[in-house]
Amino acid sequence: MPQVKAKGSIILEILIIVLIGVLVYTIYDPAMKIRAEEELRKVCRFRMKNIRQAELRYFDEYSRYTGNIDSLIAFIKAKNLPDSLFFSTATEKFNPDSLRRCPKLNQPYIIGADSLGKYYWVECPYGHGMIGSKEKPEDVNKVSWE
Ligand SMILES: [Zn+2]
């Protein structure tokens, strides 16, 4: 008889451990997802700020903005612009080729400039923010999230 009782308590103990595991997972998993999303947003915004840094140098050189990501990356490489001009994060060191896309699912940025190159805009396709605006030329170089 005592053995039967022990078996029942072992099953109960295992059940309790499994339930605690489920509970811990349901609490920590969403928190980890939120942290991962925050990190992606941070990296994305640094990339857009780096586009702005490059656009400002491009403007110094040609007296116009480009709004063409290929031209901008080629410019960074051709001029050998120093990494110290650009932002890096703990998880991502500056790399000109990273400027094409938001790190979340790697969709390309929406980027452009007016025909005279007086202003440009860059926008994250996932709503992480934008710099400049197609509709508001006066917002050139203005960051939407600061
Ligand atoms: Zn983004």
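Which residue forms a salt bridge with Glu146, and how far apart are the closest N and O atoms? The partner is Lys49, and the closest N and O atoms are 2.6 Å apart. Welcome to a predicted model, in which local features need pLDDT of at least 70, side-chain atom pairs count only at pLDDT 80 or more, and totals for chains, interfaces and linings use all residues. Residues are numbered from 1 along each chain as its sequence is written, and side-chain values use heavy atoms, with hydrogens and water left out.

**Salt bridges**

- Side chains of opposite charge can pair when their charged atoms come close.
- Nine salt bridges are found in the structure (a side-chain nitrogen of Lys or Arg within 4 Å of a carboxyl oxygen of Asp or Glu).
- One of them is the pair from the opening question, Glu146 and Lys49. This pair links distant parts of the chain, 97 residues apart: Glu146 is in the segment after strand S3 (130-131), and Lys49 is in helix H1. Helices (H or I, at least four residues) and strands (E, at least two) are DSSP runs, numbered from the N terminus.
- Glu146 counts as exposed because its relative accessibility is 65%, while Lys49 counts as buried at 13%. Here buried means under 20% relative accessible area, exposed means over 50%, and partly exposed lies in between (1.4 Å probe, protein chains only).
- Lys104 and Glu37 form another salt bridge, with their closest N and O atoms 3.4 Å apart. These two residues are 67 residues apart in the chain, with Lys104 in the loop between helix H2 (69-79) and strand S1 (110-113) and Glu37 in helix H1.
- Lys104 is partly exposed, with a relative accessible area of 24%, and Glu37 is also partly exposed, at 28% relative accessibility.
- Asp83 pairs with Lys93 in a salt bridge whose closest N and O atoms are 3.6 Å apart. Asp83 and Lys93 both lie in the loop between H2 and S1, 10 residues apart.
- Asp83 counts as partly exposed at 40% relative accessibility, whereas Lys93 counts as exposed at 61%.

**Strands and hairpins**

- S1 and strand S2 (residues 120-123) run antiparallel and are joined by four bridges. Two strands pair if DSSP finds at least two bridges between them.
- Ala113 has Tyr120 in S2 as its bridge partner.
- The hairpin of S1 and S2 has six residues between the strands, and Gly117 there takes a positive phi near 70°.
- S2 and S3 also run antiparallel, joined by two bridges, and Glu123 stands opposite Met130 in S3.
- In the hairpin of S2 and S3, six residues lie between the strands, and Gly127 in the turn has a positive phi of about 80°.

**Nonpolar core**

- The largest nonpolar core holds 23 residues, and Met48, Ile51, Ile76, Phe86 and Tyr109 touch the most other members. Such a core is a set of buried Ala, Val, Leu, Ile, Met, Phe, Trp, Tyr and Cys residues joined through side-chain atoms within 4.5 Å.
- H1, H2 and S2 are the elements that give two or more residues to this core.

**Nonpolar surface patch**

- A nonpolar surface patch of about 1,000 Å² includes Leu12, Leu15, Tyr28 and Met32 among its members. Patches are made of residues with over 30% relative accessible area and no salt bridge: like charges are joined within 9 Å, and nonpolar side chains (Val, Leu, Ile, Met, Phe, Trp, Tyr) within 5 Å.
- Met32 lies in helix H1 (residues 2-62) and counts as partly exposed, at 49% relative accessibility.

Notes:
Accessible areas come from the Shrake-Rupley method with a 1.4 Å probe; for residues, only the protein chains shown count as cover.
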